Amino acid sequence: MARIDPWAKKQFDDYSRLMEEFGIQRFDASGLPDPPALFRRGIVFGHRGFERVRAAIEGRKPFAVLTGLMPSGPMHIGNKMVMDQVMYFQSLGADVFIAVADIEAYATRGVSFERAEKVAVENYILNYIALGLKPCQIYFQSRRRAVKDLGYILGKKVNWSAMKAIYGFSDDTNMAHVFSPLVQVGDVLHVQLEEYGGPRPTVVPVGVDQDPHIRLTRDIAHAHRLFNVGTARDGRFGVFVKGGPAGELLSRAEGVLRDLGHTKLDVIANYNVIYVDDASPGDEVRIEDALIDAEREHSRYIFVPPCATFHRFMTGLTGGKMSSSVPESAVFLNDEPEVGARKVRAAKTGGRVSAEEQRRLGGVPEECTVFEMFAYLLVDDDRELEEIRSACRQGTLLCGACKRRASEAVAEFLKGLQSRREEARDQVKEYLVEGGA
Ligand code: SF4
């Protein structure tokens with residue numbers, strides 16, 4: 001079976017195939033309050049289980065958002081996409097958690113913990129604050145004991161062959177690397193421990209390369225539930241007790257189902273099941289979530305399965321992958337404004353070989369990294385973006401003028417960020433909840 005490798009350098013360009021092959025659902029921004037450009041323009045293209053967060057937003061109920069940063073290189077404008085989503089969810093009331101993945105950086109890239117701290121603060125946290133992130137919990141994996149403990153404890157529900165199948169680990173993989181995905185499971189799920197806000201829908205905005213982590217985390221969350229809710233092999237929809245004191249849980253479940261308005265219940269105590277004959281598969285999530293309180297009386301490790309949104313990768317300015325290790329491929333948030341502007345002026349476009357040809361045939365914005373910059377970062381107004389696209393296609397806009405406009409906008413953006421970053425320096429401590437900096 002095909003496998004997505006979260007540590008690979010490959011760019012994913014066939015998103016439809018990925019969605020089909022890995023069961024990722026299409027993201028639909030309609031109904032969300034004032035969705036940001038990333039959502040409106042399909043840059044966030046897919047999700048896994050987002051319905052729960054959508055319901056929390058609609059019902060004004062608590063939910064959380066978690067993201068991580070890899071403190072091994074500078075933050076580029078492609079990384080900003082995640083922060084845009086985090087800030088959007090924060091504006092809707094989400095509790096925000098940000099993990100500095102210093103354990104993962106150490107395990108997979110050999111980055112020392114001291115260096116990780118410096119990179120995290122200088123390249124990421126200051127920029128997050130400068131971009132407008134409000135106070136939240138930013139923590140280092142290595143310093144948050146609950147995360148590491150949870151990774152270890154929840155790891156009991158996954159075996160070596162599953163880890164090899166998911167991540168392609170081999171005999172040569174070091175054990176710290178083997179453990180690091182479980183630390184990430186700890187990252188995502190610890191926000192639902194009582195001391196961090198309790199069970200609630202949690203969204204993790206990621207690139208599609210992180211889907212293996214999401215699937216593993218969701219599987220582990222499911223494996224710890226004491227009930228299975230769904231359709232059995234005989235086609236009947238039911239609530240099945242799979243752990244804990246069966247008799248007690250069964251009667252709690254019966255009460256929960258009646259409270260939800262279900263009356264056609266067939267309780268079979270010998271098999272620890274309640275068939276719900278007036279429910280449909282669409283009721284699964286609602287019933288599963290309603291059972292959580294009963295389960296948590298018997299286990300501390302009961303979680304609402306976390307969900308993910310998946311965004312497209314930004315193309316590198318040189319045409320390949322945008323990468324921290326290829327300086328000309330990306331505008332870094334810590335670039336001097338004139339450096340960022342120069343990179344944009346040198347970027348690969350969808351223009352023709354000559355101005356004459358471009359006037360005649362028009363450009364190809366879909367193949368242009370400068371247009372991508374407008375769409376992802378520089379132009380918030382959809383009508384304005386459409387004007388650029390259509391002028392490019394019609395050949396009335398030429399690449400020279402277009403790049404000039406983009407490079408000036410990038411320089412302006414970086415300049416503003418630069419000064420806000422310096423102002424942010426005094427605030428870092430408010431965000432770093434477990435010391436550091
Ligand atoms: S005119 Fe602008 S959008 Fe069109 S190809 Fe040239 S740089 Fe890209």
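Which helices each supply at least two residues of the shell around the ligand? In this predicted model, they are helix H16 (369–378) and helix H18 (399–424). This report describes the ligand site, then the sheet, and then the salt bridges.

## The ligand site

The shell around the ligand is made up of Thr 349, Gly 350, Gly 351, Gln 358, Cys 368, Val 370, Phe 371, Cys 392, Leu 397, Leu 398, Cys 399 and Cys 402. Sorted by class, eight of these residues are nonpolar and four are polar, while none is charged. The ligand takes up a space that is the largest cavity of the structure.

## The sheet and strand E2

An open sheet is formed by seven strands, and their order is E1-E2-E11-E6-E3-E4-E5. The pairing within this sheet is mixed. At its edges stand E1 and strand E5 (137–140), each of which pairs on one side only.

Strand E2 illustrates how a strand can be joined to two others. With strand E1 (residues 25–26), E2 pairs in the antiparallel sense over two bridges. With strand E11 (residues 307–311), E2 is joined by four bridges, and these two strands also run antiparallel.

For Arg 48, the bridge partner in E11 is Ala 308.

Is strand E2 largely enclosed or largely open? A residue counts as buried when its relative accessible area is under 20%. Five of the five residues of E2 (residues 44–48) are buried, and therefore the strand is largely enclosed by the rest of the structure.

## Salt bridges

In general, side chains of opposite charge can pair when their charged atoms come close. The structure contains 28 salt bridges.

| Asp 277 | Arg 236 | 3.1 Å |

The salt bridge between Asp 277 and Arg 236 links distant parts of the chain, since the two residues are 41 residues apart. Asp 277 belongs to the loop between strand E10 (273–276) and helix H12 (284–290), and Arg 236 to the loop between strand E7 (227–231) and strand E8 (237–241). Asp 277 is partly exposed, at 43% relative accessibility. Arg 236 is partly exposed as well, with a relative accessible area of 26%.

Glu 254 counts as partly exposed at 24% relative accessibility, and Arg 258 is partly exposed at 42%.

Glu 366 lies in the loop between helix H15 (355–361) and H16, whereas Arg 393 lies in helix H17 (residues 382–394), so the pair ties together parts that are 27 residues apart in sequence. Both side chains belong to partly exposed residues: Glu 366 has a relative accessibility of 47%, and Arg 393 has one of 42%.

Salt bridges may also join into a network. Arg 40, Arg 41, Asp 380 and Asp 382 are linked in this way.

## Two further residues

How far apart in space are the C-alpha atoms of Arg 342 and Lys 403? The distance is 9.9 Å, although the residues are 61 residues apart in sequence. Arg 342 is found in helix H14 (residues 337–345) and is partly exposed, with a relative accessible area of 40%.

Tyr 152 is part of helix H7 (residues 145–154). A residue counts as exposed when its relative accessible area is over 50%; the value for Tyr 152 is 64%, so this residue is exposed. Between the C-alpha atoms of Tyr 152 and Glu 21 the separation is 30 Å, and along the chain the two are 131 residues apart.

Key: Residues are numbered from 1 along each chain as its sequence is written. This is a predicted model: local features need pLDDT of at least 70, side-chain atom pairs count only at pLDDT 80 or more; totals for chains, interfaces and linings use all residues. Side-chain values use heavy atoms; hydrogens and water are left out. A residue is near a molecule or strand if one of its heavy atoms lies within 4 Å of it. On a 1 Å grid over the protein atoms alone, a cavity is a set of points where a 1.4 Å probe fits but cannot get out, and a pocket is an open set with protein on both sides within 12 Å along at least five of seven lines; lining residues have an atom within 4 Å of a point. A molecule sits in a cavity or pocket if more than half of its atoms lie within 2 Å of its grid points. Ala, Val, Leu, Ile, Met, Phe, Trp, Tyr, Cys and Pro count as nonpolar, Asp, Glu, Lys and Arg as charged, and the others, Gly among them, as polar. Buried means under 20% relative accessible area, exposed over 50%, partly exposed in between (1.4 Å probe, protein chains only). Two strands pair if DSSP finds at least two bridges between them. A salt bridge is a side-chain nitrogen of Lys or Arg within 4 Å of a carboxyl oxygen of Asp or Glu.
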